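This report describes the salt bridges of one protein model. The sequence and structure are shown first.

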Amino acid sequence: MRKLLNEELGRPTLEEYGETPKMPIVVVMDNVRSAQNVGSLFRTSDAFGIERIMLCGITSTPPNREIHKTALGAELSVAWSYYATTAECVAQLRAEGYRIVAVEQVEGATMLNEFRLDAEAKYALVFGNEVEGVDQSVVDIVDSAIEIPQVGTKHSLNVSVSAGVVLWEVFKQLR
C-alpha cells in the first residue's frame, strides 16, 4: 500500500464542485463560538456535498482567518448565509419546505443509529453552541431531534465532531 498523491484523488476544481448536485441538507449553526469549529464544519460540508450552511447569531462568518485555517478553502466552495437569530433561519427554512432537526440530547430524541431519512425530503440539521448546545428556544421550534449514542463518561462531543458523525450517517443514507 502507498498513500495517494493529491493529483490521484480526482477531486473537482472549485468551479466543477459548484456544478455538482448537492445533498438536500442544510447545516444550521446556532451560536457556535469557535471560528475554527465553523471552518471545520465548512470542510466537512464540502466533503459530503452539503447544500449550504446557515451561520446564526454569534457564529463567525467568512472571510475570517480562523475559519480559513480549518476550512482550507471550503468556505469558498460551500454556499452560506448569515441570520441574526437561529429562529429567523428556522422560519425561512421551514417556509422553503425543510424538515428541521436539532442534533441535541433532548426528551424524545431519536438515536442517530435509528434515524431514517426520507429520500424525498429536505433537511436542516441544527448544531449548537459548544457549551450550551442548541438553545432551548430553538429546540422548541424544531420538528424533531437526533442524538448521537455515547457510552463514555463525557456526555458530549465537540460540535465539529458531532457534525462529522451525523453528516457521515446522512451521506451513507442518501448516497
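A salt bridge is counted when a side-chain nitrogen of Lys or Arg lies within 4 Å of a carboxyl oxygen of Asp or Glu. By this rule the model has eight salt bridges. The model is predicted: local features need pLDDT of at least 70 and side-chain atom pairs count only at pLDDT 80 or more, while totals for chains, interfaces and linings use all residues. Residues are numbered from 1 along each chain as its sequence is written, and side-chain values use heavy atoms, with hydrogens and water left out.

| Pair | N to O distance |
|---|---|
| E96 and R52 | 2.4 Å |
| D143 and R94 | 3.0 Å |
| K69 and E66 | 3.6 Å |

Helices (H or I, at least four residues) and strands (E, at least two) are DSSP runs, numbered from the N terminus. Buried means under 20% relative accessible area, exposed over 50%, and partly exposed in between (1.4 Å probe, protein chains only).

E96 forms a salt bridge with R52. E96 lies in the loop between α4 (86-95) and β4 (98-103) and R52 in strand β2 (residues 50-56), so the pair ties together parts that are 44 residues apart in sequence. R52 is buried at 15%, whereas E96 is partly exposed at 28%.

K69 and E66 both belong to helix α3 (residues 65-71) and stand three residues apart, about one turn of the helix. K69 is partly exposed at 46%, and E66 is partly exposed at 28%.
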